[in-house]
Amino acid sequence: MNIDIAHIEAVLFAAAKPLTYDVLADIFESPKDDIILAVKELESYLVHQNRGIRIRISGMGVELVSAPEASEYIGQIRRKEDKLSNAAMETLALIAFKQPVTKAEVEEIRGVNSDKVLKQLLSRGLVSELGHKDSIGRPILYGTTDEFLRSVGVNSLADLHEEVTHQDDRVEGTSDMTMVTAVDTVDETEALTTNSQDVH
């Protein structure tokens with residue numbers, strides 16, 4: 001079946017959330033392989049036509065997201081939305097780069113109680129419980145979610161690491177820059193904690 005990529009674009013726009021290839025295959029009554037090829041075609045088309053939207057593929061499925069070139073303007077919207085506190089951003093960055101990590105490990109690096117912040121991140125679906133650490137008390141291990149990746153506009157944790165390494169090229173005021181700043185804070189805090197432990 002010849003799938004019109006415009007129809008896939010319309011479906012993804014209307015869904016406003018990730019759709020799996022299986023769901024798309026059901027919608028278009030087409031083989032999954034045909035859907036994958038059509039999505040790739042749409043992805044290429046949006047880039048070559050310099051459209052303001054892009055295809056993003058994650059563990060949650062396929063979705064439409066804003067083009068990275070528009071991050072400066074998207075940031076204007078996000079700054080007006082309910083934002084996470086600096087403490088939450090710091091904790092989120094720490095979990096993103098140290099996961100899987102326990103609450104005690106988070107608190108050891110931050111130096112403060114993180115109960116409230118963790119509950120906030122869990123309630124927003126940015127962090128989830130990954131299981132239990134094989135140690136005394138079997139504490140819960142935390143990690144970031146696909147929703148977290150969506151919120152910072154990257155496809156994977158590897159992409160986030162790359163974003164941070166190129167932080168000087170980021171546009172100030174974007175959500176990515178906020179995450180970069182939080183990561184810097186985490187790195188500085190962890191360094192101070194390590195140095196303090198070395199002294200003792």
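Colleague: Why is G125 called partly exposed?

Modeller: Its relative accessibility is 27%. Buried means under 20% relative accessible area, exposed over 50%, and partly exposed in between, using a 1.4 Å probe and protein chains only. The value for G125 falls in between, so this residue counts as partly exposed. Keep in mind that this is a predicted model, where local features need pLDDT of at least 70 and side-chain atom pairs count only at pLDDT 80 or more, while totals for chains, interfaces and linings use all residues. Residues are numbered from 1 along each chain as its sequence is written, and side-chain values use heavy atoms, with hydrogens and water left out.

Colleague: Where is G125, and what is it in contact with?

Modeller: G125 sits in the loop between α7 and β4 (127-132). Helices here are DSSP runs of H or I with at least four residues, strands are runs of E with at least two, and both are numbered from the N terminus. Leaving aside neighbours within four places in sequence, G125 is in contact with T145, E147 and F148, where contact means heavy atoms within 4.5 Å. G125 and T144 are 19 residues apart in sequence, and their C-alpha atoms are 8.5 Å apart in space.

Colleague: What makes a group of residues a nonpolar core?

Modeller: It is a set of buried Ala, Val, Leu, Ile, Met, Phe, Trp, Tyr and Cys residues joined through side-chain atoms within 4.5 Å. The largest one here has 21 residues, and L84, L92, I95, L121, L126, V127 and F148 touch the most other members. Two or more residues come from each of α5 (86-98), α6 (103-110), α7 (115-123) and α8 (146-152), and α5 gives the most, with 6 residues. Apart from this core lies another, of 17 residues, among them L12, F28, A38 and L42.

Colleague: Why does F28 count as buried?

Modeller: F28, in helix α2, has a relative accessibility of 12%.

Colleague: What puts the buried residues of α1 on the same side of the helix?

Modeller: In helix α1 (residues 5-15), the buried residues are I5, I8, E9 and L12. They cover an arc of only 100° around the axis, which puts them on the same side of α1; the arc is that of the directions from the helix axis to the C-beta atoms. What covers them includes α2 (21-28), α3 (32-48), β1 (53-58) and β2 (61-66).

Colleague: How do you know that E63 and R56 form a salt bridge?

Modeller: A salt bridge is a side-chain nitrogen of Lys or Arg within 4 Å of a carboxyl oxygen of Asp or Glu. The closest N and O atoms of E63 and R56 are 3.6 Å apart, so the pair qualifies. E63 counts as buried at 3% relative accessibility, and R56 is buried at 3% too. The whole structure has 8 salt bridges.

Colleague: What makes the pair E105 and K133 a tie between separate parts?

Modeller: Their closest N and O atoms are 2.6 Å apart, which makes them a salt bridge. E105 lies in helix α6 and K133 in the loop between β4 and β5, so the pair ties together parts that are 28 residues apart in sequence. E105 is partly exposed at 24%, and K133 is partly exposed at 30%.

Colleague: Which residues are linked in a network of salt bridges?

Modeller: K103, E107 and D115 are. The closest N and O atoms of E107 and K103 are 3.1 Å apart, and both residues lie in helix α6, 4 residues apart, about one turn of the helix. E107 counts as buried at 18% relative accessibility, whereas K103 counts as partly exposed at 27%.
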